[in-house]
Amino acid sequence: MINGQLGTMFDRVLAWTLGSGVVLGKNLISFLLILFVGWLIARLASRTIRLALEKSHLKPSPMFIRFSINVTGRGLMLIAGIVGLGVLGVDTGALIAGLGVSGLVLGFALKDTLSNFAAGGLILLYRPFDLGHSIEVGGVAGIVKDLTLVATILHTADNRVIMIPNSKVWGNNIVNISLMKTRRVDLTIGVDYLSDVDQISALLEDIMLAHEMVLQNPKPMVTLRSLTLVSAGYLVSAWVNAADYEQVREELLKTIKSRLEEAKITAA
């Protein structure tokens, strides 16, 4: 009796394998083939978009090019996935309708995320900064490493990676340090009130003119900016190439301190 039951079960499995199993196997192979073709098309489309944008007279930013490629590739893979599920017998019409309803619900639940997405689009459109630029935003300073759908990614000088929501970036003052080729170094120097004004001005101006990284046009300036009962404050201004800003600032401070001590002038 047991042998008869096993034989019947084997016959059913064999019948299913020869019938529905073969169909399912073919559908599964078709599903994987559709995903592979979709992947190839996504790669080809991404490469085509990159070449078209790079050669475009509009000269889009590298950040916009990367964003466009990511959206195109993922969109095509999503389409391939839906078509593949249809081959497997999934009701894609109901799936798309369900995604639409789910998207509406998620839209209300994730309104902050959508605002980040919209802010990211505005950043790409108006380009206040680009990949590799050094910026300050919301009290955070760093180099722009990437822009995702919802966040701007900064790499800080102390080797941290910070993700700032795009809505916070767009809603704050954005300081782009890399946008201009030159920057002005401003130093406030305080000395004893009784020090000779002409001597101090000449000494500070001589220091700036002697520094090889300080640009001579516009000319460096020394201005007496403040007086108190015990000190006189001077503003030292020198234009430098943006890449040299930190180095020149530090070297000027060291040189000014050394020269003031040599001249027996007391800092205040």
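Me: How are α6 and α7 set to each other?

Reply: Two packed helices are described by the angle between their axes and the distance between the axes. In this predicted model, helix α6 (residues 197-210) and helix α7 (residues 245-262) have axes that come within 10 Å and cross at roughly 140°, so α6 and α7 are oblique to each other. Axes are lines fitted to C-alpha atoms over the stretch in contact, with angles from 0 to 180 degrees between N-to-C directions. Helices (H or I, at least four residues) and strands (E, at least two) are DSSP runs, numbered from the N terminus.

Me: Which residues of α6 and α7 meet?

Reply: From α6, Ile200, Leu203, Leu204, Asp206, Ile207 and Met208 meet Leu252, Thr255, Ile256, Arg259 and Leu260 of α7, with contact meaning heavy atoms within 4.5 Å. By class, this contact of α6 with α7 has eight nonpolar, one polar and two charged residues; Ala, Val, Leu, Ile, Met, Phe, Trp, Tyr, Cys and Pro count as nonpolar, Asp, Glu, Lys and Arg as charged, and the others, Gly among them, as polar.

Me: How should I read the numbering and cut-offs?

Reply: Residues are numbered from 1 along each chain as its sequence is written, and side-chain values use heavy atoms, leaving out hydrogens and water. Local features need pLDDT of at least 70 and side-chain atom pairs count only at pLDDT 80 or more, while totals for chains, interfaces and linings use all residues.

Terms used. Parallel < 35°, antiparallel > 145°, perpendicular 65-115°, else oblique.
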